[in-house]
Amino acid sequence: MTDLTHSTTSAKRTERSATASMTYAIFLAAGLALLVIAPAFFYPIFLMKLLCFALFACAFNLLLGYTGLLSFGHATFFGGAAYFTAHAVKEWGLTPELGILLGVAGAAILGLVMGFVAIRRQGIYFAMITLALSQMFYFFCLQAEFTQGEDGIQSVPRGHLFGLVDLNQPTNMYYFVLAVFVIGLLIIWRFINSPFGMILKSIRENEARATSLGYSVARYKLGAFVMSAALAGLAGGVKALVFQFATLTDVTWQMSGEVILMTLLGGIGTLIGPIFGAGLVVTLQNYLATSDFPVTIITGVVFMVCVLLFRRGLIGEFYASRLGRKLGFEHR
Amino acid sequence: MTMIFGIPLQAFLGQLLIGLINGSFYALLSLGLAVIFGLLRVINFAHGAQYMLGAFAAMLLLQYFGINYWFALILAPVIVGLFGALIERTLLSRLYKLDHLYGLLFTFGLALTIEGTFRYLYGAAGQPYSVPPALAGGTNLGFMFLPIYRGWVVVVSLAACIGTWLLIEKTKLGSYLRAATENPVLVQAFGVNVPMLLTLTYGIGAGLAAFAGVLAAPIYQVSPLMGSNIIIVVFAVVVVGGMGSIMGAILTGYMLGIAEGLTKVFYPEASNIVIFVIMAIVLLIRPAGLFGRDA
């Protein structure tokens with residue numbers, strides 16, 4: 001009897017998730033098509049900024065949404081990689097793709113070090129430790145010579161991709177950024193649906209049980225942390241090329257807070273939520289950039305409203321709504 | 001001139017005093033954080049903002065009402081404490097049943113809002129607040145020159161720390177607090193108004209931060225960003241000390257303040273990061289913190 005009910009629900013569930021993946025595929029195709037034609041309607045720099053932050057937020061969500069670890073220090077990887085890429089391209093004359101790879105590698109190493117220290121504590125302590133370590137990195141960047149202190153690394157050349165494609169052309173640059181964004185998302189998608197990703201989810205749900213099943217929880221957490229750091233570094237490295245500079249702004253704790261807000265606003269633990277969150281936050285910043293009203297007030301209020309009223313975020317709430325469930329989505 | 005490790009004694013003692021003063025602020029702030037965390041299980045990110053509010057309250061009270069330092073020392077913590085209690089009662093209390101991280105995120109948003117508002121109203125630059133006449137000037141101790149106000153800060157914050165410790169360890173209210181930390185449901189069953197106790201605790205914590213803010217006003221400039229600069233260091237202090245014990249939080253605050261001051265003497269480049277380095281080392285050797293029980 002129990003078997004029977006079980007099998008019917010699971011059959012229903014497969015059917016449901018089949019509809020869900022259908023709708024998902026349609027939405028994704030539509031979204032991608034929109035992004036391909038977007039430069040015809042929007043300012044390319046704005047779109048590229050949006051894509052960089054969207055990738056950053058998705059990388060962050062890999063950790064918060066799928067492993068349950070709240071890092072308050074992700075600016076280190078984003079801004080750190082921006083410095084590494086900018087330095088490699090400008091001072092060493094590397095090609096853009098090598099510069100970005102170097103940024104990713106640097107971010108991964110930083111992630112390994114920070115993760116190694118931070119995973120010794122859980123929950124709130126984890127958040128505070130990552131925050132403190134990233135503040136340490138901020139002071140390092142403030143004093144180190146290669147970052148050029150308050151000035152930052154300026155007029156970073158975009159160069160030629162693989163020595164062929166001229167990235168100084170805005171269109172070329174845009175499609176390069178879009179390609180990196182899509183590749184980054186594919187990596188994240190593959191990662192969270194791999195056995196490794198499943199184990200991460202089990203750690204998020206019940207760490208003690210994952211341990212008792214024989215998984216080395218610390219190692220998996222560290223793996224997720226490094227992965228997330230490397231992808232955040234990918235976003236940061238590309239951003240350095242888009243804006244052609246790397247500054248202290250990207251390594252501040254405010255930046256770490258911003259990426260948390262994007263993820264929270266869009267929907268923690270949803271694949272596409274952070275993209276929407278990043279879009280909203282970046283648009284808001286662009287809109288307020290011309291007025292003297294400080295963004296932090298609005299950011300702070302949005303934070304409080306999100307936490308109090310819709311913790312699932314925009315996309316998460318949509319999945320949980322009647323329409324979302326009808327379309328076959330499920331959300332915890 | 002007397003030298004110690006190749007450093008003039010005066011410079012050494014001067015930095016030691018600065019370290020002791022910074023340590024006083026670290027101790028006061030981490031004490032408040034520990035008290036709030038102990039009962040509410042919330043890491044109060046707005047603690048830095050409340051510290052800043054205290055300093056601003058003192059300055060504004062003087063500007064608009066001509067209220068001097070001594071009354072501000074009492075009034076500002078009361079005002080900020082009431083404000084904290086209001087926030088706790090109306091908003092923060094809705095989050096207790098959820099993951100503790102939401103409390104952190106909420107208070108982070110609160111801190112951003114408060115700091116953004118004050119930056120909008122008063123600009124990012126610092127404003128001076130003069131030392132009260134009774135504590136102006138300095139005294140020559142023979143081996144160094146001690147500004148009286150700085151000595152006063154060290155003494156008063158030590159007294160405030162010990163006072164809070166006594167309140168929690170030796171009074172009836174404190175025993176309720178400690179009992180509610182262990183088992184809130186049982187304490188409520190005995191007829192103690194636990195939600196009221198939570199509000200009171202948050203108010204006291206915010207008030208302590210504001211008290212530190214008033215003390216800091218004449219030393220540092222009163223600026224909207226003074227809180228966010230210090231709160232991250234205080235987080236590191238709290239991680240090192242472990243939030244299990246009140247005394248641990250106080251001792252760690254002073255210890256790390258002094259360590260920071262001494263680093264300024266011997267290797268100034270690292271003085272910004274020495275506390276974070278110590279935190280990392282402590283985590284590697286003793287993850288629960290120096291005084292912490294395993295969380």
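Helices here are DSSP runs of H or I with at least four residues, and strands are runs of E with at least two. The model is a predicted one.

Q: How many helices and strands does the secondary structure of chain B come to?
A: Let's start with the runs counted as just defined. For chain B, the count comes to 11 helices and four strands.

Q: Why is chain B as compact as a globular protein of its length?
A: The globule rule gives 19 Å for 295 residues. Chain B comes close to that value, so it is as compact as a globular protein of that length, with a radius of gyration of 19 Å.

Q: What share of the residues in chain B is buried?
A: A residue is buried when its relative accessible area is under 20%. Among the 295 residues in chain B, the buried ones make up 55%.

Q: Is Asn61(A) buried or exposed?
A: Asn61(A) sits in helix 2 of chain A, which covers residues 44–67. Its relative accessible area is 1%, and the cut-off for burial is under 20%, so Asn61(A) is buried.

Q: Which residue has its backbone nitrogen 3.0 Å from a polar atom of the Asn61(A) side chain?
A: Leaving aside residues up to four places away in sequence, Asn61(A) touches several residues, including Thr263(A), Ile268(A), Gly269(A) and Pro274(A). The backbone nitrogen lying 3.0 Å from a polar atom of the Asn61(A) side chain belongs to Gly269(A).

How values were computed: Residues numbered from 1 in each chain as written. Chains lettered and ligands numbered in written order. Predicted model: local features only at pLDDT ≥ 70, side-chain atom pairs only at ≥ 80, totals over all residues. Heavy atoms only, no water. Buried < 20%, exposed > 50% of the residue type's maximum accessible area, 1.4 Å probe, protein only. Polar contact = N/O pair within 3.5 Å; in protein donor to acceptor, adjacent residues only side chain to side chain. Contact = heavy atoms within 4.5 Å. Rg over C-alpha atoms; globule rule 2.2 N^0.38 Å.
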